[in-house]
Amino acid sequence: MHPSRPRTSTAAGSLAQATVVVLLAVLGFLGVGTGPAAAADGEVSWTVRTASNDFGSGRQNYGYTLDPGGQLEDGLVVVNHGTAPLRLAVYAADGFTTEQGRLDLAAKDAKSTGVGAWVHTDRSDVTVPPGKSVEVPFTVALPDSAAPGEYMGGIVTSPAQAGEADGIDGDRRLGIRIRLRVGGELKPSLSVEELNVRYSGTPNPFGKGDATVTYTIHNTGNAILSARQAVSVSGLFGRSDGQAGEIDDSPQLLPGDTWKVSVPIHGVVPALRLTGTVTLVPLLTDAAGSVAPLADVENTTHAWTVPWALLLFLIVLCGLVVAALASRRRRTKLRVQEGVEHPLRERETSDR
């Protein structure tokens with residue numbers, strides 16, 4: 001029942017479906033500007049905004065809490081700033097997180113299983129006269145089987161046919177997000193997966209190398225979460241060998257989403273066995289924008305960091321020592337032999 005697509009392996013396909021997107025300029029949790037959704041640089045001639053009704057006026061986006069089987073009604077206002085009538089397709093879609101960490105909405109022909117399947121507009125397209133606005137009512141109707149948790153999606157508008165929006169590509173879209181909380185137990189949870197430490201040595205036998213820690217953050221719960229991250233590596237006996245600098249928080253991850261991270265750490269001693277540790281603090285943001293840190297999540301992994309340059313240096317040094325000792329023994333043996341043979345020769349001479 002998750003409305004999102006896991007990132008990394010599947011997000012790329014969803015992003016390809018979305019094509020060129022200019023939407024969700026009202027994504028408050030992503031830090032985008034406020035106000036009605038509009039295309040940048042005047043590329044399209046319409047804007048969209050939330051309707052004024054019992055839910056309030058001037059809302060930047062839609063936010064609902066609804067129990068399974070529940071239903072509510074709301075509206076989207078489309079404003080035509082152009083000089084010709086504008087015909088737009090209107091539809092709901094599930095949300096997903098792109099590889100750039102931004103929220104996007106699935107394309108019209110993509111299958112939705114969450115918000116995109118539960119939100120129904122009263123019409124599939126709307127024609128807006130020039131300089132006018134039209135309200136498009138929509139209904140949010142949850143099935144009895146809707147699983148508890150948080151879902152993200154949105155209402156999208158796009159030219160009904162390519163070229164109808166003042167010659168703009170029909171794939172140009174504008175929309176407003178919908179954050180939906182389905183009643184029931186909220187189970188926020190993150191995991192650190194595919195954790196790996198890779199060590200890169202140095203030709204200096206007494207120098208330090210670099211380590212790279214890679215891992216995947218997986219939202220395994222039913223709440224929308226971001227993560228505060230800390231990464232460190234340690235050598236034998238738990239001695240600290242390096243800690244990554246400040247790492248940006250992960251983007252907001254929808255339930256089921258994944259986010260790949262790669263963190264370099266410099267000045268690491270090749271102490272045979274290296275331990276990498278990743279600690280996450282899940283951050284839960286409520287509808288009012290308040291952020292609550294949750295219990296830490298930690299995972300560790302190990303890697304062998306053989307100091308080849310130092311070993312080679314020691315092998316060469318040992319070879320030189322062995323050669324020096326062997327040479328010394330040979331010289332000592334020669335001196336002993338000479339010490340024995342010399343008196344014998346002198347005796348033989350005297351006997352004659």
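Trainee: Let's start with Gln252: buried or exposed?
Mentor: Gln252 has a relative accessible area of 10%, so Gln252 is buried. Buried means under 20% relative accessible area, exposed means over 50%, and partly exposed is in between, using a 1.4 Å probe and protein chains only. Before we go on, this is a predicted model, where local features need pLDDT of at least 70, side-chain atom pairs count only at pLDDT 80 or more, and totals for chains, interfaces and linings use all residues. Residues are numbered from 1 along each chain as its sequence is written, and side-chain values use heavy atoms, with hydrogens and water left out.

Trainee: OK, where is Gln252 in the chain?
Mentor: Gln252 is in the loop between strand S15 (240-243) and strand S16 (258-268). Strands (E, at least two residues) and helices (H or I, at least four) are DSSP runs, numbered from the N terminus.

Trainee: And which side chain does Gln252 make a polar contact with?
Mentor: With Thr285, at 3.5 Å. A polar contact is a pair of N or O atoms within 3.5 Å; within protein, one must be able to donate a hydrogen and the other to accept it, and residues adjacent in sequence count only if both atoms are side-chain atoms.

Trainee: Zooming out, how many helices and strands does the protein have?
Mentor: There are 3 helices and 19 strands. The protein has 352 residues, and 45% of them count as buried.

Trainee: What about the largest nonpolar core, how many residues has it got?
Mentor: That core has 31 residues, and Leu76 and Leu180 have the most contacts inside it. Strand S11 (residues 174-182) gives the largest share, 5 residues. Apart from that core lies another one, of 28 residues, including Ala211 and Leu280. A nonpolar core is a set of buried Ala, Val, Leu, Ile, Met, Phe, Trp, Tyr and Cys residues joined through side-chain atoms within 4.5 Å.

Trainee: Which residues does Leu76 touch?
Mentor: Leaving out residues up to four places away in sequence, Leu76 touches a list that includes Val48, Tyr62, Val90, Phe138 and Ile176. A contact means heavy atoms within 4.5 Å.

Trainee: New topic: how many aromatic pairs are there?
Mentor: A search of the whole structure finds 4. Tyr62 and Phe138 have ring centres 5.2 Å apart and planes at 85°, so they are edge-to-face. For the cut-offs, rings of Phe, Tyr and Trp (its six-membered ring) pair if their centres lie within 6.5 Å; planes under 30 degrees apart count as stacked, over 60 as edge-to-face and the rest as tilted.

Trainee: Which parts of the chain does the pair of Tyr62 and Phe138 tie together?
Mentor: Tyr62 lies in strand S3 (residues 62-66) and Phe138 in strand S9 (residues 133-141), so the pair ties together parts that are 76 residues apart in sequence. Tyr62 is buried at 0% relative accessibility, and Phe138 is buried at 2%. Another edge-to-face pair is Trp118 with Tyr151, at 5.0 Å centre to centre and 70° between the planes. Trp118 is in helix H2 (residues 115-118) and Tyr151 in strand S10 (residues 149-159), 33 residues apart.

Trainee: Last one: what pLDDT does the protein average?
Mentor: The average is 80, and 72% of the residues score at least 70. pLDDT is the predictor's confidence in each residue, from 0 to 100. Over residues 1-42 the pLDDT is below 50, and over residues 163-170 it stays under 50. Where pLDDT is low, the predicted coordinates should not be read in detail.
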